[in-house]
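User: Please take a close look at one part of this model, the place where the two chains meet. I would like one connected account of that part.

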Amino acid sequence: MAILTARNVYKNFDGTEVLKGISLDVEQGEVLTIIGPSGSGKSTLLRCITQLETIDRGEITICGEPLVKSGTSRSAVYADRAARNRIALQIGLVFQNFNLFPHFSVLRNITEAPVHVLGQKKAEAETHARKLLKKMELSDKEDAYPCQLSGGQQQRVSIARALAMNPELLFFDEPTSALDPELTGEILKVIRELAAEHMTMVVVTHEMAFARDVADKVVFMADGTIVEQGTPAQVFGNTQSERTKSFLARFNES
Amino acid sequence: MNYSVLLSQMLEASLMSLRIFFVTLLFSVPLGLLAAAGRRTKVKFIQLPVRLYILFMRGTPLMLQLLFIFYGLKPLTGIQLDRVLAAQVAFVLNYAAYFAEIFRGGIDAVPQGQYEAARVLGFTRQQTFFRIVLPQVCKMILPPMSNEVINLVKDTSLAQVIGVTELLRVTSDWVSSAVSMAPFAIAAVFYLAMNAVVTRCFTVAEKRLNYYR
């Protein structure tokens with residue numbers, strides 16, 4: 001079953017078309033990686049699906065519930081606020097620069113939303129948070145503040161924070177772009193572990209080897225369109241489009 | 001010069017200064033927060049009057065505002081406030097304008113990513129403001145706030161222009177009647193002592209919020 005469906009999604013910023021008719025599907029338990037040059041619209045696509053931006057037209061359906069439909073006059077028609085909130089709770093997003101809450105301890109960063117948004121009991125939320133911290137190998141850091149952690153540790157906290165909401169679908173927006181190669185490895189390892197547990201994930205990344213290895217499906221975006229998509233073997237091994245070839249060639253050189 | 005009478009009168013006048021100080025803080029902080037919100041809204045018919053209000057309050061002397069509210073309100077509206085109330089209205093309106101700009105700066109300085117993280121996690125706008133944004137704003141605005149609060153301690157002396165018997169007024173009266181500069185020196189010590197306490201409070205607050213960056 002498709003957990004996310006996007007059809008002909010268009011988005012412009014001040015007249016510049018950033019997404020020009022994006023369509024993609026993500027199945028339950030699948031890992032989709034999105035690659036492509038900077039400015040190709042990858043992050044914008046994630047931000048549209050996670051409701052940080054609104055689209056101009058097109059359709060997005062998440063967990064069977066329409067977030068936005070095409071209206072009669074080509075403009076997008078969004079679901080009502082209650083439905084949008086319901087959909088938002090099915091989705092987690094991990095940011096490039098973590099965006100942890102600096103004034104909260106690691107534990108509170110993770111428990112704040114479950115307690116105050118989902119209405120969980122504090123003790124229950126903390127038990128869950130500690131479980132997640134253990135999984136992220138950060139059990140000894142629950143009382144630390146974000147500024148006391150390395151970038152890799154901060155990113156693992158932010159992954160735990162997203163997981164604490166029990167999302168059906170987890171998005172990563174270049175989760176390692178703010179990290180050095182050593183720390184990048186520890187984040188990629190965590191995402192691989194989540195993939196092994198069949199967490200449904202969409203990962204925008206510049207880590208090509210990772211995009212190839214972890215993905216069930218790879219999407220290559222350029223200039224606001226999906227140039228090529230398919231299994232890693234198809235996109236990396238049997239590249240069809242010249243645009244994709246030239247992008248991957250530069251990656252293969254390095 | 002009878003020093004014990006001088007000191008007891010100066011102490012009594014200090015109470016008036018302190019009263020203006022505390023009442024101003026109590027009302028101008030929430031009003032400033034409101035004005036900051038009005039200044040930040042995209043709704044033009046709210047933003048424009050708030051901008052004008054801030055322009056007037058920061059652009060004209062506090063002394064003029066005191067005189068206007070005490071003497072100028074009656075011919076315009078028929079309302080005559082008593083001296084102390086007029087002083088407090090002027091101080092609250094004036095300081096709220098300065099606070100509004102400090103709060104606005106603080107709110108704008110909270111990174112967009114904080115709002116986005118809160119939004120993705122499902123926090124409502126109120127929750128986001130009170131749980132995520134405001135605590136971070138408090139930390140950032142402490143240094144400029146301490147400046148303003150110290151100014152406020154000293155500005156209370158302006159209330160004498162509309163006849164409020166605050167510390168400096170009583171002091172000046174003593175200076176002219178006793179033909180001695182000593183009361184001025186004592187008043188300086190009084191103001192200094194009050195501001196030492198203010199400074200100390202802000203230092204403690206800054207230390208307590210120093211656990212994160």
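Analyst: The model is a predicted one. Between chain B and chain A the count of salt bridges is two. Polar contacts were also looked for across this interface, and nine residue pairs qualify, both residues being at pLDDT 80 or more. On the side of chain B that touches chain A, helix H5 (112–120) and helix H6 (125–155) each supply at least two residues. H5(B) gives the largest share of that side, seven residues. By type, the residues of this side of chain B divide into nine nonpolar, five polar and four charged.

Next comes the extent of the interface. In terms of contacts, 18 residues of chain B meet 24 residues of chain A. The size of an interface is often expressed as the accessible area lost when the parts come together. Here chain B and chain A bury about 2,000 Å² between them, and 63% of this lies on carbon and sulfur atoms. Within chain B, the residues that lose the most area to chain A are Val120(B), Leu121(B) and Arg131(B), which together account for 32% of what that side buries.

Finally, the partner chain. Chain A has nine helices and 11 strands. Its radius of gyration is 18 Å, close to the 18 Å that the globule rule gives for 254 residues, so chain A is as compact as a globular protein of that length. Of the 254 residues in chain A, 54% count as buried.

Conventions. Residues numbered from 1 in each chain as written. Chains lettered and ligands numbered in written order. Predicted model: local features only at pLDDT ≥ 70, side-chain atom pairs only at ≥ 80, totals over all residues. Heavy atoms only, no water. Contact = heavy atoms within 4.5 Å. Buried area = accessible area lost by both parts, 1.4 Å probe. Salt bridge = Lys/Arg side-chain N within 4 Å of Asp/Glu carboxyl O. Polar contact = N/O pair within 3.5 Å; in protein donor to acceptor, adjacent residues only side chain to side chain. Helix = DSSP H or I, 4+ residues; strand = E, 2+ residues; numbered from the N terminus. Nonpolar A, V, L, I, M, F, W, Y, C, P; charged D, E, K, R; others polar. Rg over C-alpha atoms; globule rule 2.2 N^0.38 Å. Buried < 20%, exposed > 50% of the residue type's maximum accessible area, 1.4 Å probe, protein only.
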